[in-house]
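Here is a friendly walk through a model, meant to be read with the viewer open. We start at the ligand, then turn to the aromatic rings and the chain as a whole.

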Amino acid sequence: MLIRKPSKLDGSDIRPSEITSKANYMNRRQFMEAGLKAGAIAGSAGFAGSALAAVVPEERRGKIPDIVDSEFSTDEAPNSYDDITTYNNFYEFGTGKGDPVRNAQDFEPRPWTITVEGHAAKTGTFDFDDFIKPHTVEERIYRMRCVEAWSMVIPWVGIPLADIIKRLEPTSKARYVAFETLNDRKQMPGLRSRVLDWPYREGLTMEEATNPLTIMAVGLYGETLPNQNGAPLRLVVPWKYGFKGIKSIVKISFVEKQPPTSWNMSAPHEYGFYANVNPEVNHPRWSQARERRIGQGVFAPKQPTLMFNGYEEYVADLYKDLDLRRNY
Ligand SMILES: Nc1nc2c(c(=O)[nH]1)N[C@H]1C(S)=C(S)[C@@H](COP(=O)(O)O)O[C@H]1N2
Ligand SMILES: [Mo]
């Protein structure tokens, strides 16, 4: 269990997401062809092709080399590249699900620096490439459950946050890790709105941050992260609601006290610090018992939400002394 399975180095290696990616593509084509034969959607095949290409300009879609598979990946079918890159929450680019893909294309994720502060030996400002270089990148196909009761399966490419933290050598005073998103009004039109108190902030306990499931994602579907998904570097914590997965990170701080977090600051009775996926604790305005899997069509039945988003065996121990109803 939990063993890293190295991918082959001879180039013959095909990762699970690539297979599924191709399968999705085939399904899509079969669907289009069937539609064309039926005469129902004549002329739209060409449109589908160009719409897909426009999601992320080709020159930004670099393949990431030497990705290692992970035993933590789910074998549930990943959502399509289209779903993952056109249905987003990234309020710095607008509050609509289609706003990030529309408004983030001129965003420049390079050059990029990450500032490390607080109780650690290796603090300072690092260039993105230098920050990433010492680490092995893995494919992690994870379920993602948004607090709004929808979900996806996403083949991330990332680095265990535990590996990064180890390299930064936090001291015993570091009990939490805090993260901040870029706060640049010139590049992020959504910052003009006061929907949140910018910059977007998130945090984890040290135990959560170093849990083997927690990653810093640098890509998806084997390629560099699209801007709308949080380029160049975003957090992924699969047993927590999606809002903990802070995007386009510029600052990491090792702190003693529980740091303030954006959604908790904006509506503390609705969003807690922990934000663990929990079908038994409802949002004050809606049930969290079920979720809509994106990409299955509006008539597909909702599916049950799993405790800790199905990652209970890896994380339940972290919370054994915590009242999850009070610490939502
Ligand atoms: N900086 C920043 N990070 C963010 C958000 C945001 O608005 N700003 N939205 C969060 C929410 S609510 C979700 S569900 C996920 C969505 O990630 P995705 O668009 O890559 O699927 O990003 C999270 N990270
Ligand atoms: Mo979300």
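Around ligand 1 there are 17 residues, the closest being Asn88, Tyr91, Glu92, Gly245 and Lys247; a residue counts as near when one of its heavy atoms lies within 4 Å. Please keep in mind that this is a predicted model, in which local features need pLDDT of at least 70, side-chain atom pairs count only at pLDDT 80 or more, and totals for chains, interfaces and linings use all residues. Residues are numbered from 1 along each chain as its sequence is written, chains are lettered from A and ligands numbered from 1 in the order in which they are written, and side-chain values use heavy atoms, with hydrogens and water left out.

**The ligand site**

The table lists polar contacts, meaning pairs of N or O atoms within 3.5 Å; within protein, one must be able to donate a hydrogen and the other to accept it, and residues adjacent in sequence count only if both atoms are side-chain atoms.

| Side chain | Atom of ligand 1 | Distance |
|---|---|---|
| Asn88 | oxygen | 2.8 Å |
| Glu92 | nitrogen | 2.8 Å |
| Lys247 | oxygen | 2.7 Å |

Taken alone, ligand 1 exposes 530 Å², and the protein buries 98% of that. Accessible areas here come from the Shrake-Rupley method with a 1.4 Å probe, and for residues only the protein chains shown count as cover. The shell around the ligand divides into 8 nonpolar, 6 polar and 3 charged residues. In this scheme Ala, Val, Leu, Ile, Met, Phe, Trp, Tyr, Cys and Pro are nonpolar, Asp, Glu, Lys and Arg are charged, and the others, Gly among them, are polar.

**Aromatic pairs**

How many aromatic pairs does a search of the whole structure find? There are 15, where rings of Phe, Tyr and Trp (its six-membered ring) pair if their centres lie within 6.5 Å, with planes under 30 degrees apart stacked, over 60 edge-to-face and the rest tilted. Tyr91 and Trp263 form an edge-to-face pair, because their ring centres are 5.6 Å apart and their planes stand at 75°. Tyr91 sits in the loop between helix H3 (81-86) and helix H4 (99-103) and Trp263 in helix H8, so this pair ties together parts 172 residues apart in sequence. Helices (H or I, at least four residues) and strands (E, at least two) are DSSP runs, numbered from the N terminus. Tyr91 is buried at 15% relative accessible area, and Trp263 is buried at 16%; buried means under 20%, exposed over 50% and partly exposed in between (1.4 Å probe, protein chains only).

Phe243 and Tyr271 are also edge-to-face, with centres 5.5 Å apart and planes at 80°. Phe243 counts as buried at 9% relative accessibility, and Tyr271 is buried at 7%. Ring pairs also link Tyr176, Phe273, Tyr274, Phe308 and Tyr319 into a cluster.

**Gln258 and the whole chain**

Gln258 lies in the loop between strand S10 (249-255) and helix H8 (262-266), and is partly exposed at 41%. Beyond its neighbours within four places in sequence, Gln258 is in contact (heavy atoms within 4.5 Å) with Tyr176 and Phe273. The C-alpha atoms of Gln258 and Tyr176 are 6.2 Å apart, although 82 residues separate them along the chain.

The protein chain has 9 helices and 12 strands, and 50% of its 328 residues are buried. Of its contacts with a separation of 6 or more, 73% join residues 24 or more positions apart. The accessible surface of the chain is about 15,800 Å², with 53% belonging to carbon and sulfur atoms.
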